[in-house]
Amino acid sequence: MKPVSWKEWAVAKRLSFSSLFLKASLLLGLAFLYIPLVMLVVYSFNESRLVTVWGGFSTQWYGRLLANREILDAVWLSVRIALISAFAAVVLGTMAGYALARIKHFKGSTLFAGMVSAPMVMPDIITGLSVVMLIYQVQSLLQGAAVSWLQFERGWFTIWLGHTTLCMAYVTVVIRARLAELDQSLEEAAKDLGAKPWKIFWVITLPLIAPAIASGFLLSVTLSMDDLVITSFLSGPGYTTLPQLIFSKIRLGLDPQMNVLATILIAVVGTLVVAGNYLMMRQITKRERETAQAYRQAAAEAAAQTRS
């Protein structure tokens, strides 16, 4: 056996140390992310009212949460706004991303791209304040006009406007990135065969960007459910979202029901993420299988024509 030189030994030692350092960093990162979540789940079954002192196993706080009308109303309002905002953001973001990725050079394209992505990099307090000022200006214009019946107070509609503005920026970035990496040969082939642009989008482009649309939708739901600053500017009396309610209760002291609520949200979000990833991977695998089968069939037909 050939003896190992000191240079080879030093390289192997450095690689081993690097691997050990990467594993330790990964473990520390995962611990930093998930230990607080595990503590929330564990203390949601705490019998004691003190959330930092273990008093025995109990599910009493789950029953109290389900009987708490204030929290249930806030959850229902947040879910409604999140779903409607995500749907609107996906529609508008897909159109904006498609325009930026496919119609690359048009008058004002740079300004349009900057305006679309501005809510993503702008502080939430500026976004909330600007939407509030816009609402006040619209209300002052409608006041005394023939369309005064269109006036509206701050509530779920104004929160929806703010959340859609924020989420649209993120969806646009996701859709634009997906369209930029797509091979346009399929779209060009369909165009050469006489397909209309609208049909090309629905039959070819939309199925290819469907995973990006699903990711943008889930991201929008998360952003809307998590937002506090913009909602604080745009909400009115009787419209308290879940982040607002949690923030107000935490300021008065830790409540065991918040641990229960966090546990339920973790379970719901985790289930949706796992199910979404499973469905997307299943769709990708099916598409790859169909593509490979089409290539094999085309190769067999070409070989048969060559023999004949």
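Helices (H or I, at least four residues) were taken as DSSP runs and numbered from the N terminus. The structure is a predicted model, in which local features need pLDDT of at least 70 and side-chain atom pairs count only at pLDDT 80 or more, while totals for chains, interfaces and linings use all residues. Residues are numbered from 1 along each chain as its sequence is written, and side-chain values use heavy atoms, with hydrogens and water left out.

Thr127 is placed in helix α5 (residues 124–142). Residues up to four places away in sequence being excluded, Thr127 is in contact with Pro119, Met122 and Ile230 (heavy atoms within 4.5 Å).

Nine aromatic pairs were found in the whole structure; rings of Phe, Tyr and Trp (its six-membered ring) pair if their centres lie within 6.5 Å, and planes under 30 degrees apart count as stacked, over 60 as edge-to-face and the rest as tilted. Phe45 and Phe57 form a stacked pair, with 5.3 Å centre to centre and 10 degrees between the planes. Both Phe45 and Phe57 lie in the loop between α1 (6–43) and α2 (60–66), so the pair ties together parts that are twelve residues apart in sequence. Phe45 is partly exposed, at 23% relative accessible area, whereas Phe57 is exposed, at 59% relative accessibility. One aromatic cluster is formed by Tyr98, Trp198, Phe201 and Trp202.

Note on methods. Helices (H or I, at least four residues) and strands (E, at least two) are DSSP runs, numbered from the N terminus. Buried means under 20% relative accessible area, exposed over 50%, partly exposed in between (1.4 Å probe, protein chains only).
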